[in-house]
Amino acid sequence: MNHHRAVAGLIIFLLFSVGNFTAVPQIRRKPQVTGGLCAHLIQSAGFPCTEHQTKTKDGFLLGLQRVSSRSTIVRGEMGHPVLLIHGLFMAGDAWFMNSASQSLGFILADQGFDVWVGNVRGTRWSHGHVSLSVKNKEFWDWSWQELALYDLAEMIRYVNKITKAKIFVVGHSQGTIMSLAVFTKPDIVDMVKAAALLCPISYLDHITSDFVLRLVKIRLDEVILALGIHQLNFKSNMGTQIMDMMCDGHIHCDIWLSAITGKNCCFNDSRIDFYLEYEPNPSSSKNLHHLFQMIRKGSFAMYDYGMWKNLMRYKQPKPPVFDISQIPTSLPLWMGYGGNDALADVIDVQHTLKGLKSKPDLLYIEEYGHIDFLLSTRVKTDVYNDMIRFFSSVQKVSSFK
């Protein structure tokens, strides 16, 4: 019953989701604060933070935040740059949603890393487009392919230019899809020192989420596009009402979340109201369609426009694949994944590992679900300490070369 209710609610929301991202009841939004993400979440916790902006090759203005330690001593010895890349329907604030002692953005800053927070196009902390309005359908004409090849590529170039150093990249969920895709590009991966991937995804054909599989089966992604809906916005007025209905009490919200992501063992549900002030962020219908293509086809490939449009765009009838065997073995990789993850299924993670020529460091936690890797009450001990150990070992090896 809960699954049917969630599916029905999402469909209703999608049909009425063309609303303005800023037109949201106060219960789900903090009052507007000047200064963006730094002022909203980071400086108020005592961490120095500066706002940055860069432009992609196709004209999107991306917001980045640079975060450093609360300690003046640590801050005086700025460590290695780390770029954090969020997942689907999230933004850079995802790295600060847990308690201060359990949020990766804060932890890395206090450990002395030079933390850079990425925000992809269309999300709250990015800044639109040089000429397109969010009301233009062209503004939403993109999928994770563009997020990888334009957004993430530009973020890496920008941080590399400012810091004059190769960078560590950390991705979660869709952020790992973007990372694995762009790491196949030699000019970009050459600026990356190492990468840590939480819930790594390059294949989705063994996804076990009943909720998502039902949406795939009824071809909801194709229906949405046929209806001329280009933006998926849970922060529209109707979307907010649907979320209020589905999260009517923390138990209902946890059931809804588990139906999508898998059972999360240690999700900090006492902070649900706080999470919903910031998440979810908008994405595009085309992006959802591309993700559903991955599920149906079992491939890690560019967006499939159909044979004739593929011929025009790609000069071949099928979309080109992202060949992860082209990711250089010289790039150190670390991956954390969970046995209860219904989106980054263990079988699909193993498929990814077989496709790589390198042997990543692996952390497997049987009871962890998809959201636990961000919002577990014990994620620092379970996950982040091992990730930081990996980064430190990479730095030590580099210092001996």
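**Helices on the sheet**

Colleague: Across which strands does helix α6 lie?

Modeller: Helix α6 (residues 174-182) lies across β3 (81-85), β5 (167-172) and β6, and runs at about 135° to β5. Helices (H or I, at least four residues) and strands (E, at least two) are DSSP runs, numbered from the N terminus. Contact means heavy atoms within 4.5 Å; axes are lines fitted to C-alpha atoms, for helices over the stretch in contact, with angles from 0 to 180 degrees between N-to-C directions. The model is predicted: local features need pLDDT of at least 70, side-chain atom pairs count only at pLDDT 80 or more, and totals for chains, interfaces and linings use all residues. Residues are numbered from 1 along each chain as its sequence is written, and side-chain values use heavy atoms, without hydrogens and water.

Colleague: What is the order of the strands in the open sheet?

Modeller: Strands of a sheet pair through backbone hydrogen bonds, either parallel or antiparallel. Here the eight strands follow the order β1-β2-β4-β3-β5-β6-β9-β10, with mixed pairing; a pair requires at least two DSSP bridges. β1 (49-55) and β10 are the edge strands.

Colleague: Which strands pair with β9?

Modeller: β6 (residues 192-198) runs parallel to β9, joined by four bridges, and Ala196 stands opposite Trp334. Five bridges link β9 in parallel to β10 (residues 361-365), where Leu362 partners Met335. Between β9 and β10 the chain passes through helix α15 (residues 346-355) in a right-handed β-α-β crossover (clockwise from the first strand over the helix to the second, with the strands pointing away from the viewer).

Colleague: How many residues of β9 are buried?

Modeller: Six of six, in residues 333-338, where buried means under 20% relative accessible area (1.4 Å probe, protein chains only).

Key. Buried means under 20% relative accessible area, exposed over 50%, partly exposed in between (1.4 Å probe, protein chains only).
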